[in-house]
Amino acid sequence: MDQDEVGLNGWTSVPADAGVIFDHHSLINEPEYIPMDAIEFPFNHPVVSKTLDYVKQVLHPETFNHSMRVYYYGMAITKQHFPQQATVLSPVTWALTCLLHDLGTAEENLRATRMSFDIFGGIKALQTLKDFGASSDQAEAVTEAIIRHQDMGVDGSITFIGQLIQLATTYDNTSIHPHVKNFEKIVNSRTREEINKAHIRLAWSKFFSGTIQTEETFKPWCHSTHLVDFAEEIRNNSLMKQFE
């Protein structure tokens, strides 16, 4: 295995507990404004291009826009809170993670299996990415992050890209974090506004809370139940309400 791919594909080990990373105090002040235009999306990369075409066909429009917002949130979070990782993390690997992280909620997938949506989506993403020409290391990094993106525990470790997808999706979904105080300040308010205007929410809070309720009804054992009152927290996201 190539050690250079560890940082490139987000395999760097970090604490599973985001509260430890932020020391429970570092989000007192909002970070500086980053224009959305200063964050590049790798549209022209061949694997990203194929993945974009694919997810536009299979994901609900609400989910696709959410995935794009998550990309930009995650890049802003990395630049401002994880400068060491920002110098090495591949935007391509991050983009693929964002585009595919909710693949298991697609209409054709949610009821196709008894498996939890995040786990089934990760497995499906692995083969999809290999078919699109991603390297095994890249595809596996994305897959692990997808499978663990709702695994918000406090013990042990997780890959950096796994922690990042948790932070960015949680910010868009609920804007509160069980282990990070003042989590709503993790992204600058102007940056947040630009991202939400570019990739509109389409009543995401209502839509995704309904998706989680559907899964928990259809699959009462699913991993989503690990996040207590998740659907309610999504529906009551006050930070993002103005953009709904």
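A charge sits over a ring if NZ of Lys or CZ of Arg is within 6 Å of the ring centre and within 35 degrees of the ring normal. The model shown in these views is predicted.

**View 1. Arginine side chains over aromatic rings.** Arginine 190 places its charged end over the ring of tyrosine 33, at 3.7 Å from the ring centre. Arginine 111 lies over the face of phenylalanine 218, and here the distance to the ring centre is 4.9 Å.

**View 2. Two of the aromatic pairs.** The count of aromatic pairs comes to twelve. In one of them, phenylalanine 41 and tyrosine 72 are tilted, with 6.4 Å between centres and 35° between planes. Phenylalanine 41 is in the loop between helix 2 and helix 3, while tyrosine 72 belongs to helix 4, 31 residues away. Both residues are buried. Tyrosine 54 and phenylalanine 132 form an edge-to-face pair, 5.8 Å centre to centre and with 75° between the planes. Tyrosine 54 is in helix 3 and phenylalanine 132 in the loop between helix 8 and helix 9, so this pair ties together parts 78 residues apart in sequence.

**View 3. Threonine 143 in helix 9.** Threonine 143 has 9% relative accessibility and therefore counts as buried. Leaving aside residues up to four places away in sequence, threonine 143 touches Gly122, Ile123, Ala125 and Leu126.

**View 4. The largest pocket, with a volume of about 290 Å³.** Among the 19 lining residues, Met152, Pro178, Leu227, Phe230 and Glu233 are the closest to the pocket centre. Helix 10 gives the most to the lining, with three residues. The lining has eight nonpolar, nine polar and two charged residues.

Note on methods: Residues are numbered from 1 along each chain as its sequence is written. This is a predicted model: local features need pLDDT of at least 70, side-chain atom pairs count only at pLDDT 80 or more; totals for chains, interfaces and linings use all residues. Side-chain values use heavy atoms; hydrogens and water are left out. On a 1 Å grid over the protein atoms alone, a cavity is a set of points where a 1.4 Å probe fits but cannot get out, and a pocket is an open set with protein on both sides within 12 Å along at least five of seven lines; lining residues have an atom within 4 Å of a point. Grid points are joined across faces, edges and corners, and a volume is the space filled by probe spheres set on the points. Helices (H or I, at least four residues) and strands (E, at least two) are DSSP runs, numbered from the N terminus. Ala, Val, Leu, Ile, Met, Phe, Trp, Tyr, Cys and Pro count as nonpolar, Asp, Glu, Lys and Arg as charged, and the others, Gly among them, as polar. Buried means under 20% relative accessible area, exposed over 50%, partly exposed in between (1.4 Å probe, protein chains only). Contact means heavy atoms within 4.5 Å. Rings of Phe, Tyr and Trp (its six-membered ring) pair if their centres lie within 6.5 Å; planes under 30 degrees apart count as stacked, over 60 as edge-to-face and the rest as tilted.
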